[in-house]
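Load the model below in a viewer and keep the selection tool at hand. The stops are given in order.

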Amino acid sequence: DDLVRPNPDDPHGTSMMRRVPEVLDCWFESGSMPYAQVHYPFENADWFEHHFPGDFIVEYVAQTRGWFYTLHVLATALFDKPAFENVICHGVVLDTTGRKLSKRLNNYPNPEDVFETHGSDAFRWYLLASPILRGLDFRIDKEGAGIAEVVRLVLNPIWNAFNFFCLYANADGYRASIRTDSADVLDRYILAKTRRLVEDVQSCMDTYEIATACAGVRAYLDVLNNWCIRRSRDRFWAPSAAQGGDAQAKRDAYDTLFTVLVTLSEVTAPLLPFLSEEVFRSLTGEESVHLTDWPDAGSLPDDPDLVRDMDRIQDIASTTAALRKGRAIPNRMPLPALTVAGRDVAGLERFSGLLRDEANVRSVELTEQMSAYGSFVLKPNGKLLGPKLGSDVQAVMKAARSGDWTDNRDGTVVVNGFLLAGDEFELSLVSNEGDVSAAVRTNDAVVVLDVDITPELREEGLARSVVRRLNEKRRDLGLQVTDRIAITIETDDAEIRQAILAHRDYIAGEVLATGFELGPGTEMLDVEGRPVRVSIQTT
């Protein structure tokens, strides 16, 4: 019954045994780990001397007073060295009420259920990308809803890009290869962004900033899927060389996307090991992504000017889409004009056609005359400036409100004779009242949208709605993306009938129709609440 005996045993009865008065800290054993694990110095001396101190160590925040501390104490005493060169000190996983996860409370999602439902990659990313790797606590709900978001926002975009490539490449019978010499501006842009991804993730991994690496991958996926692939679809849909299409444009599109996907799978291999393996092996036929070297960023083109300008174009397009949404104007409805007023926007002229198509407007105007469309508002940081300027802070605040200040264009402003920099002020770009306008995210341009929809534009918008419904019908019929069709279409709605007649060639091209006739249809489609009858046959 006495599990902790008060006196030492004398098994032989021939010697006196006494307890030592000192009690050794129980963390001593864990602190001895780096050398005790290999029985140093009695064995493996050469191995130990080439492996100590460790590259990194990881444990949760409470170990700052336990394992981390005793490791350093003993390493310093014995070797005059730190015990490790880097540390990942993570926080604690809690439930939604702030309690630690516990078997007794059963307040956590069942890992086996998570693996079965969402996959181990999703769970891995969920933790790697969370605040827990920055030393903060992290709350997880029992249903694991956040893990499902990883599938939607990370895994599915990778798989969708991979599936898109396979679908069209297989349909065309095209065998892609690693190539980085395409002259197409979107290809050059995504290759340069891929180079930055490799560099940024490598830098994050080198400094053990895993959550930051995850954030970089997510931002890249948005650019890849929602900009580059979407804006390049016409090149994948285009007829093959045998059908009179541009063979070089298709090769550039396929080879660039292939190169990007292979590189992406190598970058995400440490973060999403199973999905990356599937994508890499399917594309290359090689044994494993985990047996390859880290991608060489230098093998990819670098074009910082292109990246900067194309990123600005995307910000402008996003702002335009938000303006449309605020006015309940669908993206398929063409509008008369888009004006972009801002600093250095003249350099974006080479992308005006791309912006015109993306914003679905008839014309784009780029101007640096911002005063006609918006103005900057200066907001000094009173909390910071008060101790620095004393009573002069009120004069600075008054001058800022009256617009009596100068922007030096170098991250500083002069107000009432005082130079403000860094966090001492905030500049906000405000668009003029009355316009359908807004400042872009980067706060360096105003977007102004002309929303005066003419009958001609309305007609074109209806044609686009017809295209959308016909392509939905194609999917419902299970047609392949390359299947050509013949369409017979009719409607009693005079406005839609006129739109079909005026934009007949456009509609046929968008739905891959080799035959297009007006006549009785067999199936009913709803186009903006009005009936259209259509018959579709493959050709």
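The tour of this predicted model visits a cavity and then a sheet with its helices.

**Stop 1: the cavity**

Select helix H8 (185-206), helix H9 (210-237) and helix H10 (247-268); each supplies at least two residues of the lining of the largest cavity. The count comes to 1 cavity of 30 Å³ or more, and about 90 Å³ of space lies in the largest cavity. Next show side chains for Asp-187, Ile-190, Cys-228, Ser-232 and Leu-257, which are the closest to the cavity centre among its 13 lining residues. Which helix gives the largest share of the lining? That is H9, with 6 residues. Colouring the lining by residue class gives 9 nonpolar, 2 polar and 2 charged residues.

**Stop 2: the sheet**

Move on to the open sheet of 4 strands, ordered E15-E14-E17-E16 with mixed pairing. Select strand E15 (513-518) and strand E16 (523-527): both stand at the edges with a single partner strand each, so one side of each has no neighbour in the sheet. On average, neighbouring strands here are turned by 30 degrees against each other, direction ignored.

**Stop 3**

Finish with helix H16 (residues 455-476), which lies across E14, E16 and strand E17 (530-538). H16 runs at about 135 degrees to E16.

Note on methods: Residues are numbered from 1 along each chain as its sequence is written. This is a predicted model: local features need pLDDT of at least 70, side-chain atom pairs count only at pLDDT 80 or more; totals for chains, interfaces and linings use all residues. Side-chain values use heavy atoms; hydrogens and water are left out. On a 1 Å grid over the protein atoms alone, a cavity is a set of points where a 1.4 Å probe fits but cannot get out, and a pocket is an open set with protein on both sides within 12 Å along at least five of seven lines; lining residues have an atom within 4 Å of a point. Grid points are joined across faces, edges and corners, and a volume is the space filled by probe spheres set on the points. Ala, Val, Leu, Ile, Met, Phe, Trp, Tyr, Cys and Pro count as nonpolar, Asp, Glu, Lys and Arg as charged, and the others, Gly among them, as polar. Two strands pair if DSSP finds at least two bridges between them. Axes are lines fitted to C-alpha atoms, for helices over the stretch in contact, and angles run from 0 to 180 degrees between N-to-C directions. Contact means heavy atoms within 4.5 Å.
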